[in-house]
Amino acid sequence: MAALAVVPGAASAADADALAVHDYLLSCGGCHGLDGAGSARVPSLRGIDHLLARPGGRAYVLRVPGVASAPLPDVRLAALLDWIFVNFQNRTAAAFRASEVAAARATPLVDPKAARAALERPPG
Ligand code: HEC
């Protein structure tokens, strides 16, 4: 289990992981599923790390309505997203910073599906 950034209220990396699990279950799991696999109407959170490599990908993830409006402070949301990318993607932490989260979530996407489609289009 990768160490996460220090989160207020979490005394250790293990505590931070437990807090991220808690936050995921309460804020995201009801829609995206306990294992992040999603459903017919909600996208899976597994295998989306390629989005981060695209221009605008990080902002897209932060501005998607379920993320931008999550009832969590920026630092907890940053830690939760890192936990998702480590545990559901089995790759690397996305290393979100609270300041990056704060800036992006201030303007939630009005049309997330169009934004997602634009991300998938090759540049040019
Ligand atoms: C009310 C249900 C709901 C909740 C709660 C929710 N989401 Fe979502 N999420 C969606 C739907 C539906 C989409 C597809 C885009 C859209 O219509 O908003 C989505 C899209 C996403 C995407 C983009 C996936 C892609 O492939 O484009 C990410 C990342 C994401 N959500 C993460 C989260 C996280 C993290 C949380 C918790 C903080 C969360 N969501 C809470 C329903 C939800």
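**The ligand and its pocket**

A polar side-chain atom of R116 lies 2.5 Å from an oxygen atom of the ligand; a polar contact here is a pair of N or O atoms within 3.5 Å. This is a predicted model, where local features need pLDDT of at least 70 and side-chain atom pairs count only at pLDDT 80 or more, while totals for chains, interfaces and linings use all residues. Residues are numbered from 1 along each chain as its sequence is written, and side-chain values use heavy atoms, with hydrogens and water left out.

Y60 also has a side-chain N or O atom 2.5 Å from an oxygen atom of the ligand. For H32, a side-chain N or O atom is 2.9 Å from a nitrogen atom of the ligand.

Which residue gives the iron atom of the ligand its single protein donor? That is H32, through NE2, 2.0 Å away. Donors are N, O and S atoms within 2.8 Å of the metal (3.2 Å for Na, K and Ca), and with water not among the atoms, sites may look incomplete. H32 is in helix α2; helices are DSSP runs of H or I, at least four residues, numbered from the N terminus.

Now the shell. The ligand is surrounded by 21 residues, each with a heavy atom within 4 Å of it. C28, C31, H32, Y60 and R116 are the closest. By class, 15 are nonpolar, 3 polar and 3 charged. Nonpolar means Ala, Val, Leu, Ile, Met, Phe, Trp, Tyr, Cys and Pro; charged means Asp, Glu, Lys and Arg; the others, Gly among them, are polar.

The ligand takes up the space of the largest pocket. On a 1 Å grid over the protein atoms alone, a pocket is an open set of points where a 1.4 Å probe fits, with protein on both sides within 12 Å along at least five of seven lines; lining residues have an atom within 4 Å of a point. A molecule sits there if more than half of its atoms lie within 2 Å of the grid points. From α6 comes the largest share of the lining, 4 residues.

How values were computed
Polar contact = N/O pair within 3.5 Å; in protein donor to acceptor, adjacent residues only side chain to side chain. Helix = DSSP H or I, 4+ residues; strand = E, 2+ residues; numbered from the N terminus.
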